[in-house]
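Here are some questions and answers about one protein chain. Please look at the structure first and then read on.

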Amino acid sequence: MASKKDLSERDICTQFILPALRAAGWDIATQVREEVGFTAGRIYVKGKLTTRGKQKRADFILYYRSNIPIAVIEAKDNKHTLGDGMQQGLEYARILDLPSAFSSNGDGFLFHNRTITSGKIEQELALNEFPSPQQLWETYKTYKGIVTDEQERVIAEDYYSDASGRTPRYYQQIAINRTLESIAKGQARILLVMATGTGKTYTSFQIIYRLWKSGTKKRILFLADRTALIDQTARGDFKHFKDAMTIIKRKKIDPAYNIYLALYQGLTDPNGDDAYKKFSRNFFDLIIIDECHRGSAKDDSEWRKILDYFNTATHIGLTATPKETKYVSNIDYFGDPIYTYSLKQGIDDGFLAPYKVVKVTLDVDAQGWRPPKHFKDKDGQLVEDRIYNTQDFDKNIIIDERREIVAKKISAFLKGHGRYSKTIVFCIDIEHAEGMRSAIANENADLVSKNHKYVMRITGDNEEGKRELDNFINPNETYPVIATTSKLMTTGVDAQTCKLIVLDSNIGSMTEFKQIIGRGTRINEEHGKMYFVILDFRNVTNLFADPNFDGTPEMIKETLEEEDISIVDDIEPTEPIIDIEDGSEIVIVNPYPPNIRPGGQVQEGRFRKVRVKGVEVSVMGERVQYLGADGKVITETLRDYTKRNITQEYTTLQSFLAKWNTAEKATAVIEELAAQGILIEALQEEVGKDLDPFDLICHLAYDQPPLTRKERANQVKKRNYFTKYSTVAQQVLQELLEKYAEEGIENVESLKVLKIDPFDKIGSIKEIYLAFGGKLKYIEAIRELKQELYKSA
């Protein structure tokens, strides 16, 4: 009989932990899940290819009900101590919002109770002392502040499930459960902050479903401010409500439904004929406000009038970007978020796409442009003599050559990364969006001649473009490929396959910037969308450096007596306004009076942009910035970033060499470096594609002279250590050296390489193994080859 010390971790789970759980009263089929991967694994970009990092994976998660996880167990083999898994267990318990964490090596359990604030927080338990489901449920209720039977009844209702088998991700589960717990405890206003692309609508659907099915909330209003948001919601996650749901249109009110979807513009009327007042004040007992950063944050907004009217209902605000300014505050109304799932966390978990930034600097943007003396515009009028800069370009003055060079850069990028990659170009206004559509069409005449929808303007005033919005966001539709827009597509557009976001607009609002970045963060593996690129012409991405970009929102609204906020310097970009009769979006093209549009000209009371041609415009510089392991854009040089990160982990060359030479595989070290944010492929592009990752690191971090892969391979050939092997084995090793020189160490270490040319011509995998004396001898020979390659180090 094998000793317990010889058993694997999985054997410990099967032979000791599962029997202990069964004996404690746990239903293994419904209350115990093993090896639960609850993240997807961060996506790492390697040139134009991607790979996923490791999932966070718990050995056991225990459930009181299928929708309520209450404990986590981390297992180790019996060579470890009882508590060796505790630190990992506690980290998982923190992430999953669980009060109970256990560690086991098969001898018993170490139990950590996160509800205890004084006294003994950890205790050892024998295998037969594991707590029952009811005991850990009581611990969970203490942790969550659940004290009454009614509160327990509210949170116990199960999720909606169908044949698809879709269940909430861990963070959605936390958001849903915390919301139900808050409502059960009587909280009237709730704020959920979840990054764009993380499933706010699905989360709200499950919240509504559980509250509706439990009878806690009987009539629910889902409130949004854009037709696209309502349509996407009704066709998407909310379709499961079927006949219980209706969309309020043209102010027609029917009290026979349970779930109502509505545009706030369709419930209000500037003339006072407010449709929402046709409902009694207590008709709704739950209102969910989607994208609540826009309207409901303002005290005097139309949204707020609706919320004030239905003040007996529970109000839940959903947003990726809570708005906090001197004058507007989500937190002032809803309170602090009960849960925040950030863009950084989403990227780290592998649920959101990472990005890289390409900053393009044009000379007229960097230096400004001053018209020569007596310079006339295209209408023959003198151009005002002053220095124009990015705040003027395309807003007050149009330089044709600037638009042309921006279109050229966009087109050149797509030619290198796939001309049918879905792209959104964010412009100053509708006129600019139309101008860029034309300029991009001119740069891509070959594709536009095949289908004029290759590039389209999608703005609120253009019916043809708006009709194509659904096709643009549909992963299965090729056209349109490029959408030029101003404000319409900044938010609420589920563009799963958008691979390129172009910023040619002066975006000063952090809220708007976050929403725009959110257009690219969705992942669609089926269609190859794993990351996206931001092409920035106006230094907008400097906002990534702002601590507020992905930080915890804090209320900064100042409430003063007799405060006059009629004139503010925090003007938000104009949103499309919705016609309350038919829901179509109407955009005011020039909402600003001419006196705050300096540099433009006024003719017959209308603002006119100055348009000039014959200006030399060139690209001064182009810089690629990557996303670091900490979730922030790397602003220092790639070389400095690499050196700093490597030397933090390996302070001396000797410590790095020790790690490299003792690792079972060099690829394991490379993957570990990637997880720390070292961008090997980007470094090879910058320093030298023919360098081994080993030489890149030693050269950049420790100032060692690098050797190319070919030079390393030639050194091994000169030593001629192959002679001890058979003729066939020597041939295989020679070919492996060639593979190394051409492609790198990864292929040498992979057994799969033997299936491809030229190895498949030498013999079958079995025959190649026999040439070395067996598979283990082959693996040993590869290990020796690796040692020979890095011998000089």
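This is a predicted model: local features need pLDDT of at least 70, side-chain atom pairs count only at pLDDT 80 or more; totals for chains, interfaces and linings use all residues.

**Strands, helices and turns**

Q: Which residue in the turn between β2 and β3 has a positive phi?
A: The two strands form a hairpin, with 2 residues between them. The turn residue with a positive phi, about 65°, is Gly47.

Q: Where is the residue other than glycine that has a positive phi near 65°?
A: The residue is Asp97.

Q: Which strands are at the edges of the open sheet of 6 strands?
A: The order of this sheet is β1-β4-β5-β6-β7-β8, and its pairing is mixed. An edge strand here pairs on one side only. The edge strands are β1 (32-37) and β8 (122-126).

Q: Which residue in β6 stands opposite Ala71?
A: Strand β5 (residues 68-75) is joined to β6 by 5 bridges, and the two run parallel. Opposite Ala71, the residue in β6 is Ser100.

Q: At about what angle to β5 does helix α4 run?
A: Helix α4 consists of residues 133-144. The helix lies across β4 (57-65), β5, β6 and β7 (108-113). Its angle to β5 is about 110°.

Q: By how many degrees are neighbouring strands turned on average in the open sheet of 7 strands?
A: The strands of this sheet come in the order β19-β20-β18-β21-β22-β16-β28, with mixed pairing. Its edge strands are β19 (455-457) and β28 (619-625).

Q: Which residue in β20 stands opposite Arg457?
A: Strands β19 and β20 run parallel and are joined by 3 bridges. Opposite Arg457, the residue in β20 is Thr484.

Q: Which helix lies across β18, β21 and β22?
A: Strand β21 has residues 498-503, and strand β22 has residues 532-536. The helix consists of residues 510-517 and runs at about 150° to β21. Its name is α19.

Q: How are α25 and α26 oriented to each other, and why?
A: The axes of α25 (residues 709-719) and α26 (residues 727-743) come within 7 Å and cross at roughly 160°. Angles over 145 degrees count as roughly antiparallel. The two helices are therefore roughly antiparallel.

Q: How many residues in the contact of α25 with α26 are charged?
A: In α25 the residues that meet α26 include Arg709, Lys710 and Arg712. On the α26 side, Glu738, Glu742 and Glu743 are among them. The contact has 5 nonpolar residues and 1 polar residue, and the number of charged residues is 7.

Q: How are α14 and α15 oriented to each other, and why?
A: The axes of α14 (residues 400-417) and α15 (residues 430-443) come within 9 Å and cross at roughly 55°. Angles under 35 degrees count as roughly parallel and 65 to 115 as roughly perpendicular, so an angle between those ranges falls among the rest. The two helices are therefore oblique.

Q: Which element of the chain has the lowest mean pLDDT?
A: The mean pLDDT of the chain is 86, and 90% of its residues reach 70 or more. Over residues 552-599, however, pLDDT stays under 50. The element with the lowest mean pLDDT (30) has residues 577-578 and is strand β23.

Technical notes:
Residues are numbered from 1 along each chain as its sequence is written. Side-chain values use heavy atoms; hydrogens and water are left out. pLDDT is the predictor's confidence in each residue, from 0 to 100. Helices (H or I, at least four residues) and strands (E, at least two) are DSSP runs, numbered from the N terminus. Contact means heavy atoms within 4.5 Å. Two strands pair if DSSP finds at least two bridges between them. Axes are lines fitted to C-alpha atoms, for helices over the stretch in contact, and angles run from 0 to 180 degrees between N-to-C directions. Ala, Val, Leu, Ile, Met, Phe, Trp, Tyr, Cys and Pro count as nonpolar, Asp, Glu, Lys and Arg as charged, and the others, Gly among them, as polar.
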